[in-house]
Amino acid sequence: MAPTKDRQTIGGGNGTVGAVMVVGAGIAGVQAALDLANSGFFVYLVERSPAIGGVMAQLDKTFPTNDCSMCILSPKLVECGRHLNIQLLTLAEVQEIHGEVGDFTITVQEYPRYIDMEKCIACGLCAEKCPRSVNDEFNQALNKRKASFVKYPQAVPLKYVIDRDHCIYFKPDKKTGKIGRCRACEKFCPAGAVDFSQEGKTHHVKVGSVILAPGFKTFDPSRAATYHYRQLPNVVTSLEFERILSASGPFEGHLVRPGDRAEPKKIAWLQCVGSRDVKYHSYCSSVCCMYAIKEAVIAKEHAPYDLDCAIFYMDMRTYGKDFERYYLRAQEQGVRFVRSRIHSIDLGQDGDLLLRYMDEDAGLHQETFNMVVLSVGMEVPGDVKSMAATLGLELNPHDFAATHPLTPVATSRPGIFVCGAMAGPKDIPESVMQASAAAAGSGSLLSEARWTRTRTKEVPEPRDVSGEPPRVGVFVCDCGINIASVVSVPEVVEYAKTLPHVVYVQENLFSCSQDTQVQMLKVFEEHQINRVVVAACTPLTHEALFQETMRDSGLNKYLFEMANIRNQDSWVHTQEKEEATDKAKDLVRMAVARATLLKPLVEVPLTINQRALVLGGGVAGMNAALNLADQGFETILVEKEKELGGLARRVHHTIEGLDVQAYLDDLIARVRAHHNIQILTQALLVSFIGYKGNFVTEVLVGPGMYERKIEHGVTVVATGAQEYRPTEFLYGQHPGVLTQLDLGRVMHESPEKAAAWQRVFFVQCVGSRNAENPNCSRICCQGAVKHALELKMLNPEMEVVILYRDMRTYGFLEDYYLEARNQGVLFSRFDPEQSPRVMQDKEGLVLEFQDHVLQLPVRLPADAVVLSAATVAGEHEELASLMKIPRTSEGFFIEAHAKLRPVDFSSEGIFLCGSAHSPKLISESISQALAAAGRAGAFLADTTQTISGITACVEPERCAACLICVRVCPFKVPQINQENVSEINRALCQGCGICASECPAKTIQVSHYEDDQLTAKIKALF
Amino acid sequence: MRLQYPTDIRIIQVPCTGKVDIIHLLTAFEEGADGVFVAGCLEGDCHFLEGNLHAKKRVQRVKEILDKVGLGVGRLEMYNLSAGMGPRFAEIAREMDQRIRELGPSPIRKAKASLPKAETEMRV
């Protein structure tokens, strides 16, 4: 490890401590820790278990992109593990807290690992020799591990741990009552790392704020007798099924059922197990519909035969961004969806399961399945409840952290934030979003203490390799079995040894694991390697990791080349092992050929303009601006309308009953009063140039339309969405047909008019979930429930009917759905093929619909018909093309990664929040706005960034100033200088290479992609 | 997605198809490639705005050259697809594989194979 030094060891001004404690190291905790550590705070990351990663590490794939969960998570875990400003405290729990915001003292109890982390080399001998087998919790007890174990192969920190509860050493001898038997691990450990004398440590840690991200546990279905869970071995939970699917799981990714290891031909998923059930948890767990679809789709892909997958559900809640498309695709792929209630599960023949269920016609059906998966919900673990009590936090009636909808990541105690599942059931992107939001909350509280507790790294002087002949080190990865099960890795290793300039070759089980990285660092030094080739997964996710290791050993990171033998080989040629091995050899030979010609490149420090630009003055934009301003950054807020407020100007109450207009007035006043915020209204963006840290935006500011040029370092896009204007159901033709926003206005302006109504219908999914707009608009179900309850309050006698397709009141919104039913609001489901019809006769409005219970058409007069009109994207074509940011086919902006970068654009320095991303509630917009502000603030605060070394360079001697480069560059970078030759500004060059390819004199080269480097690869192929 | 496609395709990464030079395409054929395809972003969606449009022109130019030297136009193709279109990539790979199999080995490769070994090596 390179030497480190404390930049400053005392706290910031006014006693504010520039450090944060993050409790819980699942994806939310990891994201919060990384955001904070990258923006100038020291982070203590406290995790109860022996390794970080949480539940996401246990998942096989993630929806809706079907990314390999571990593959996208692992780089973040490694970054956490190696981050200079994150201290991991594993096997640790918070015990006490004193002090207040800005200056807390927290007592953390760290339990003994019985393995010295400094000495353990993670060779696994202790586990191999350990005679005690116990259930492996990580694999959901589907197989065994030893009492000395590592949580999972890519665990961070990758250090073994001895399980005190099961280790023979700690079991008193029956006769003598003494402990100390066995000690096999101690005897065989080659590193002398086993230490039974280890005792727990108590840490007293000073921090300015705390972020809680302790996560959830899954509902234990053995509490509900219906499912016969644990009695019938082929009834499994969804988390068990994830492990069954996982290549690193108990069955190595073979789809078999646990009872007899037979391949199932028919699998049933039962939804809402422990959720939406007043006996256990009345809330909806929000994620189970999507994960069940994903599991069904992946299972079908896994099975080398036609697998029958059926999902038994009440309402299909695919309400997130692009989720409905995923649902539709699953239907096309043959996944069956059965709207039903489960009656019973009984043991059939040969371990099969007899499922009895009632469908909508109230008919009792039965069907036999080989395997049943219980889609278990999320709940708060008992120790989290007790931690909340220790910290003095309020919980909501469901035992999750009590938060206010308008401050969604703040707990009841100032300075303590919450994110992820502790604040309510949610999926990965929303947890990541909340984590960044919680980090932003901490960042703005502690902004004066930024960089006061952080450590800086002394990177070794880069080694000058220019005079040396190429010495290539080749590292071939097994990726567990991802590569090794198809490609013969030892063969590739032997082959690589024969290639020119190759001086060292090794096989790695997991090249990306932290201990392998440390070992590689040693190898670089020992063998004087000056070019590194890693044959592994994909540069997309792992290049940066290997380059960081090179930097640690004084090697320039551009002396690196990756051979993509997983994503472009073993994964796509699974059945052709020999050909795949040949291909891997070719890819390695090509990579080595290029590597020998690579040159070290210098990265110039990036200057970062410290000003932020926020586009859009709605709830999201204003919250983003306010947080950035609180973090200490000058912020310019641009709004195209005359007034701030956006779409929320037309919303009167949230479902919780909060007064949105009062909130908005207060928010606008705070934004206007903030000394760091400048507001431009009636402003139109006309030009957007530059790059991360150095943008120049031109706006025309009304009413005079004067031109204003803004230089800024980051941009937050919060341009919102709009309500669809229906063309169906007599909208605009009859005054009694309203949208939800129209209804809100009527109830606000003339409640007496609404109170006089006798019967009101709501029609859901108007303009959503159809051919033109396949996605769900997310907010309309809760909107209808909210308005129905408000109408019932105005006039309890009023008949209110909600005609719906699936009620999607996810999370705690389910409480209001339940309340509406208790209040007598009627819910009637319709199929899109039998859509309700709105008509007008002499008396007034008439609604005709098919009653799904009676299976008969019903025709009733109505005083009002409320259309739950879709939330559609704003008119952003021009903005998108000016800023060069991508949009979905429905017009919503596309984030850099649906799962782990939900508020970033792939163009660095540009961030996204609010309904411009996808339809969402005000509270969700606020979370996302804080997240975007947090990410943007972290970018501005990190002044150590550099610009890429990959740019075009002109060799002036041969330049004829023909102007071709000047003409072809899409970014207008090349210019003819005073010496009458072309000159390219490295800071502005994007490195695309168009000029280099067009240059007739071939006097422009793109560094790292020079012609000889590419040609070497081509030639190496033949 | 791990969609399966034929094993006889090797991918060479470039920052943008705008960087794909005529010289690279010709080198590939000269060295003995039976076919080459250039996979760029969808037109109008180039990350670098218009790199793929420049590539399209160059591919066209190289096709003309290939035709003149007797290799025909079919061994080279440009495709436009986005990073989110995995199934399309696999489809293109199969399509190209099928097409090249029908065209048979490149005459250049056959000629090189018939040269004495020492001479072949000298050329590489």
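This is a predicted model: local features need pLDDT of at least 70, side-chain atom pairs count only at pLDDT 80 or more; totals for chains, interfaces and linings use all residues.
Residues are numbered from 1 along each chain as its sequence is written, with chains lettered from A and ligands numbered from 1 in the order in which they are written.

User: Which pattern does chain B follow along the sequence?
Analyst: Helices (H or I, at least four residues) and strands (E, at least two) are DSSP runs, numbered from the N terminus. Chain B has five helices and two strands. Along the sequence they give α-β-α-β-α-α-α.

User: What percentage of the residues in chain B is buried?
Analyst: A residue is buried if 20 or more other C-beta atoms, placed from the backbone, lie within 10 Å of its own, exposed if 12 or fewer, and partly exposed in between. Chain B has 124 residues, and the buried part is 31%.

User: Which element gives the most to the side of chain B that touches chain A?
Analyst: Contact is defined by C-beta atoms, placed from the backbone, within 7 Å. It takes 29 residues from chain B and 33 residues from chain A. The elements of chain B that give two or more residues are α1 (22-31) and α2 (51-68). With five residues, the one that gives the most is α1(B).

User: Why does A:Glu525 count as partly exposed?
Analyst: A:Glu525 lies in helix α11 (residues 514-526) of chain A. A:Glu525 counts as partly exposed because its C-beta neighbours inside 10 Å number 13.

Note on methods. Two residues are in contact if their C-beta atoms, placed from the backbone, lie within 7 Å.
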